[in-house]
Protein chains: 2
Amino acid sequence: MSVELTPIGSLHSPFSQKFGIPRQSAGLTDIPGYITLTPPYDDLNGFRGIDAFSHLWIVFQFHQSIEQTQSYSPLIRPPRLGGNDKMGVFASRSSFRPNNIGLSLVKFVKIERVLGQTRLHISGVDCLSGTPVLDIKPYVAYADSQPNAVSGYAKEQPQATLSVTFSPDLPAQTEEMLALMTQVISLDPRPAYHQRPEYQALHPDKIYQLRLYDFEIGFIVEDNGKAKVMTIN
Amino acid sequence: MSVELTPIGSLHSPFSQKFGIPRQSAGLTDIPGYITLTPPYDDLNGFRGIDAFSHLWIVFQFHQSIEQTQSYSPLIRPPRLGGNDKMGVFASRSSFRPNNIGLSLVKFVKIERVLGQTRLHISGVDCLSGTPVLDIKPYVAYADSQPNAVSGYAKEQPQATLSVTFSPDLPAQTEEMLALMTQVISLDPRPAYHQRPEYQALHPDKIYQLRLYDFEIGFIVEDNGKAKVMTIN
């Protein structure tokens, strides 16, 4: 008994690779994105009244995690537990899960017809660019908001832990791009074991590569909690 | 480009038909249910750590709405607008939507092995019994709770509007069953146009049939906002 679904559209975001994507947006509610609706779902009637909602749920497919989840692995290592502890996949929001369904809360920005397409603009995006979208639902605060819910090992929003500077030799960037790089890198996207002082002492000049839009961004992390962007190509 | 999913389990609830199901649980956080996990998803490891979360998201398929949505209808009539106004399906939580994906917030109760099955017990259920479950995710309050979100035409939780009494001739019922009938009927599950005084004046003795578990419940509504359960079979 399988269920066959058809993506209703495709999500576009600054994140052209998984490395660096803030988990559950990590409070970065300004990160812009848009969904291009596939016909027949591009009919604006399907969105009548959506501008009366401030927030939307995006139900999507973690399309880059499908291959790794062909056989069922019940345990995953949540990144926020430092990669040491294993948790049940259904006690996590990991992308490595049966059916690879993702759920993302975003802010509604606007919906428009542009270049013959219907685009739903959103912000607070934490999905890979190119993500297939399965559904869009309005956020209903009285039902969906449970501020006192107890959330196990995911009690607090990830905090910015690195202060970010830029090498003076870099090509000029827009303010939006500078802000985006600063926000994403400040959350320290490195794997947990790279964040340990021992690792850092052994690899002081390691350059981490982050891809945002079409830019390859290289940054280093200094041992005093500072990150420096060295290259942008 | 289609996406093929496999249900991970099946949800069991008191609701054996659509009529009467409180939308978004309508605050009825005690309505009990459980999910029976299908192998291999019945491995308890997949749920390790889930008891540290008070609330869960259930991603499911509105399996009884699939036929009616074979062709795309962008507009629906939200019941809470009295059936008069049309809204975009993506501005609604209607079951008549592309891909028929439902999203329900429930409380975690417990997980257990019983009769060779793994059962995840939950409460605050608003799904039909027999619903195919596609995913289970922990509720992460810092990300999922937006108490100040603006929710268009769905600003307030549906309120109980009928006071419910029981005919003295009924067979004895458990306290749980009496509470369940009272809660569900008090929300007035009748179609909006049946709730108008004109309609009620023309059909004063109309018996509404509600199915909960294996019981057929017949109730009438009197013109002073009182409902009376007449039959339970």
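What follows is a short chat about a predicted model.

Reader: What kind of model is this, and which pLDDT cut-offs apply?
Author: This is a predicted model; local features need pLDDT of at least 70 and side-chain atom pairs 80 or more, while totals for chains, interfaces and linings use all residues. Residues are numbered from 1 along each chain as its sequence is written, with chains lettered from A and ligands numbered from 1 in the order in which they are written.

Reader: How many residues of chain B are in contact with chain A?
Author: 66 residues of chain B are in contact with 66 residues of chain A, contact being C-beta atoms, placed from the backbone, within 7 Å.

Reader: Which element gives the most on the chain B side?
Author: β9(B), with 6 residues. Strands here are DSSP runs of E, at least two residues, numbered from the N terminus.

Reader: Which strand of chain A pairs with β1(B)?
Author: Strand β1 of chain A, residues 3–5, in the antiparallel sense over 3 bridges; pairing takes at least two DSSP bridges between the strands. E4(A) stands opposite E4(B) there.

Reader: Switching topic. What does L56(B) touch?
Author: Among others, V106(B), F108(B), I122(B) and I136(B), not counting residues up to four places away in sequence.

Reader: And how much of chain A is buried?
Author: Buried residues make up 43% of its 233 residues; buried means 20 or more other C-beta atoms within 10 Å of the residue's own, with C-beta atoms placed from the backbone.

Reader: What box does chain A fill?
Author: Its C-alpha atoms fill roughly 55 × 45 × 35 Å, taken along the principal axes.

Definitions and conventions
Two residues are in contact if their C-beta atoms, placed from the backbone, lie within 7 Å. Helices (H or I, at least four residues) and strands (E, at least two) are DSSP runs, numbered from the N terminus. A residue is buried if 20 or more other C-beta atoms lie within 10 Å of its own, exposed if 12 or fewer, and partly exposed in between; C-beta atoms are placed from the backbone.
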